[in-house]
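The following exercises are to be worked with the sequence and the coordinates at hand. Each task is followed by a stepwise solution.

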Amino acid sequence: DMIKPWAKRLALTALSAACAAWQPADAWAQGRSAVALPQLDRTAQSFALGNDAATVTGLNALGVNPAGLRTSHAEILTQYQQLPLQSSLGLLRAGLPLRAFNTYLAVSYASLRSSNFDRRDEAGQAQGSFAAQDQMIGLHASRPVQAGLPMTVGVGVKYLDMAVDSQHGSSLALDLGARWT
């Protein structure tokens, strides 16, 4: 059974109040927080480049900059994650260098599926359930602009398919990127 939205807000408010009341008085007196939060090493440049776009390489770069795809070895990346509320995420990425063409090629597949949504009629009566699924398949390439120049370019072409119950849509996406190393 799904948790009511008001119950979630009430629990979050109670948790926030408990955390605030728990903090030591001297931290409050000094105008600082006693809660230790992680310090992230981020610069204005990394945010402007999409956070990790400046440093991520290999198959992990597909989500931020296809130019970062280039590595010297073959890779396979898989992930499956069961998410809350009967949802799941699956990823498969594979890539390999084509040394004769000085290019790195990769393919990718992603699927996000959520199920057991309540279907209701106009009067609000339960009429069963339905599911939603998004899928993406992509082809990606990366290569240096020219020998001796520390610049790499990349391209990714993706086909996206989205479905909610009986409704369906699809689209194409093109990613272009460059990286000065």
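Leu83 has Ser87 of β2 as its opposite residue. The model is a predicted one, in which local features require pLDDT of at least 70 and side-chain atom pairs pLDDT 80 or more, while totals for chains, interfaces and linings use all residues. Residues are numbered from 1 along each chain as its sequence is written, and side-chain values use heavy atoms, with hydrogens and water left out.

**Exercise 1. The sheet**

Determine the order of the six strands in the open sheet and the sense of their pairing.

Solution. 
Step 1. Strands are DSSP runs of E with at least two residues, and helices are runs of H or I with at least four; both are numbered from the N terminus. Two strands count as paired if DSSP finds at least two bridges between them.
Step 2. The order across the open sheet is β1-β2-β3-β4-β5-β6, with antiparallel pairing.
Step 3. β1 (75–83) and β6 (167–180) are the edge strands, each pairing on one side only.
Step 4. On average, neighbouring strands are turned by 10° against each other, direction ignored. Such angles are taken between N-to-C directions of lines fitted to C-alpha atoms, for helices over the stretch in contact, and run from 0 to 180 degrees.
Step 5. As a general point, strands of a sheet pair through backbone hydrogen bonds, either parallel or antiparallel.

**Exercise 2. Three hairpins**

Identify the residue with a positive phi in the turn between β1 and β2, in the turn between β4 and β5, and in the turn between β5 and β6.

Solution. 
Step 1. β1 pairs with β2 (residues 87–98) over nine antiparallel bridges. Tyr80 has Gly90 of β2 as its bridge partner. Three residues separate the two strands of this hairpin, and Leu85 in the turn has a positive phi of about 60°.
Step 2. β4 and β5 are joined by 13 antiparallel bridges, and Pro144 faces Thr152 of β5. Six residues lie between the strands of this hairpin, with Gly148 in the turn at a positive phi of about 85°.
Step 3. Between β5 and β6 there are 14 antiparallel bridges, and Leu160 stands opposite Ser171 in β6. Two residues lie between these hairpin strands; Asp165 in the turn has a positive phi of about 55°.

**Exercise 3. Salt bridges**

Solution. 
Step 1. A salt bridge requires a side-chain nitrogen of Lys or Arg within 4 Å of a carboxyl oxygen of Asp or Glu. For accessibility, buried means under 20% relative accessible area, exposed over 50%, and partly exposed in between (1.4 Å probe, protein chains only).
Step 2. Arg120 and Asp118 form a salt bridge whose closest N and O atoms are 3.5 Å apart. Arg120 is partly exposed at 48%, as is Asp118 at 46%.
Step 3. Asp165 and Arg119 form a salt bridge with closest N and O atoms 2.4 Å apart. This pair links distant parts of the chain, 46 residues apart: Asp165 is in the loop between β5 and β6, and Arg119 is in strand β3. Asp165 is partly exposed at 37%, and Arg119 is partly exposed at 29%.
Step 4. Asp175 and Lys158 meet in a salt bridge at 2.6 Å, N to O. Asp175 belongs to strand β6 and Lys158 to strand β5, 17 residues apart.

**Exercise 4. The aromatic pair**

Classify the one aromatic pair that a search of the whole structure finds.

Solution. 
Step 1. Rings of Phe, Tyr and Trp (its six-membered ring) pair if their centres lie within 6.5 Å; planes under 30 degrees apart count as stacked, over 60 as edge-to-face and the rest as tilted.
Step 2. The ring centres of Phe117 and Phe130 are 5.3 Å apart and the planes stand at 25°, so the pair is stacked.
Step 3. Phe117 lies in strand β3 (residues 103–120) and Phe130 in strand β4 (residues 126–144), 13 residues apart.
Step 4. Phe117 is partly exposed at 33% relative accessibility, and Phe130 is partly exposed at 21%.
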